[in-house]
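This report describes a protein model together with its metal site. The sequence and the coordinates are shown first.

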Amino acid sequence: MAHLALTGKVLITGDIETVTGLHIGGASAGLDIGGIDNPMIRHPVSREPYIPGSSLRGKMRALLDRHLGKEANTPIRRQPPEVRVHVCQDEAEYAACAVCQVFGVTPGDQRREWTSLKPGRLIVRDVQLANESAEKLRLAKTDMPFAEVKWEAVIDRITSAAVPRQNERVPAGAVFAPFEFVYSLYDLDGAGCQADIDWLRSVFQAMEMLEDDYLGGYGSRGAGKIRFCNLVVTFKPKAYYEGKADLVPLAGRVSMAELRPDEYADRIKASLEG
Ligand SMILES: [Zn+2]
């Protein structure tokens, strides 16, 4: 029986700022009285838009898949438009695959037998609209609560008629905070967590690629550009949770350009040895 032990957790927190309008789709129209064609996802009680952790995580995984040239071989949605992601099919490939190590694999039939299988290292939490932004949007009396409505013309391919369509978006300049990524380091059967520490770099890489891509819908038409700001990176070794060690601050309120993944890896390793 494999023995899995937690070595520590790296917390990455900060703000997500919308650089262009952001649309993350919610329940489809018609359910909402006075609803529009493409509503956004909102908190059911406060009606404030939020960024689901699953949207952030899914996009980061897809960008890393593509960056590493991994084959998108596993459907995660079968209805059109079908969505596929990469999941390693054999254990040797898994041993070196940042995507499957960081984001995890679904335990398929053959994967249950893998002795080197670890849980995905990365947890991504939902991100709420920051109070200050919520207040600003409330005062701005936007078209919809906390959102602007963008009209677009969709051209009917047969009749060439322009059909207007509405998209609800969080305006540019809104701040969602704090976002929180939790990256766990595990030791499997006493083999240490060196590789887990090195794969942490993939999380920063995916964040950087997301800034140069888009979150949510309508990205090719300008929506969904975001920026990570005020980043705080902290390492909590296992001993911290037992009250026997301090946490290790790695970065305090820095920008993406100021992140130093190599330095953080060295300092995490040093703190575990010390
Ligand atoms: Zn893989």
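The model is predicted. The protein chain has 274 residues, of which 44% count as buried. Its secondary structure comprises seven helices and 11 strands. Along the principal axes, the C-alpha atoms occupy a box of roughly 65 × 40 × 30 Å. Among contacts between residues at least 6 apart in sequence, 65% link residues at least 24 apart.

The protein donors lie 2.1 to 2.3 Å from the zinc ion, and the donor residues follow the spacing H-x1-C-x8-C-x2-C in sequence.

| Donor residue | Donor atom |
|---|---|
| H86 | NE2 |
| C88 | SG |
| C97 | SG |
| C100 | SG |

Two of these residues can be classed by accessibility. Buried means under 20% relative accessible area. C97 is therefore buried, at a relative accessible area of 0%, and C100 counts as buried at 1% relative accessibility.

Helix α1 covers residues 53–67, a run of 15 residues. From its first C-alpha to its last, α1 reaches 21 Å, close to the 21 Å expected at 1.5 Å a residue. The buried residues in α1 are G53, L56, K59, M60, R61, L63, L64 and D65. An α-helix has 3.6 residues a turn, so residues three or four places apart point the same way. After α1 comes G69, which has a positive phi near 65 degrees.

Key
Residues numbered from 1 in each chain as written. Predicted model: local features only at pLDDT ≥ 70, side-chain atom pairs only at ≥ 80, totals over all residues. Heavy atoms only, no water. Helix = DSSP H or I, 4+ residues; strand = E, 2+ residues; numbered from the N terminus. Expected span 1.5 Å × (residues − 1). Buried < 20%, exposed > 50% of the residue type's maximum accessible area, 1.4 Å probe, protein only. Donors = N, O, S within 2.8 Å, 3.2 Å for Na, K, Ca; no water. Contact = heavy atoms within 4.5 Å.
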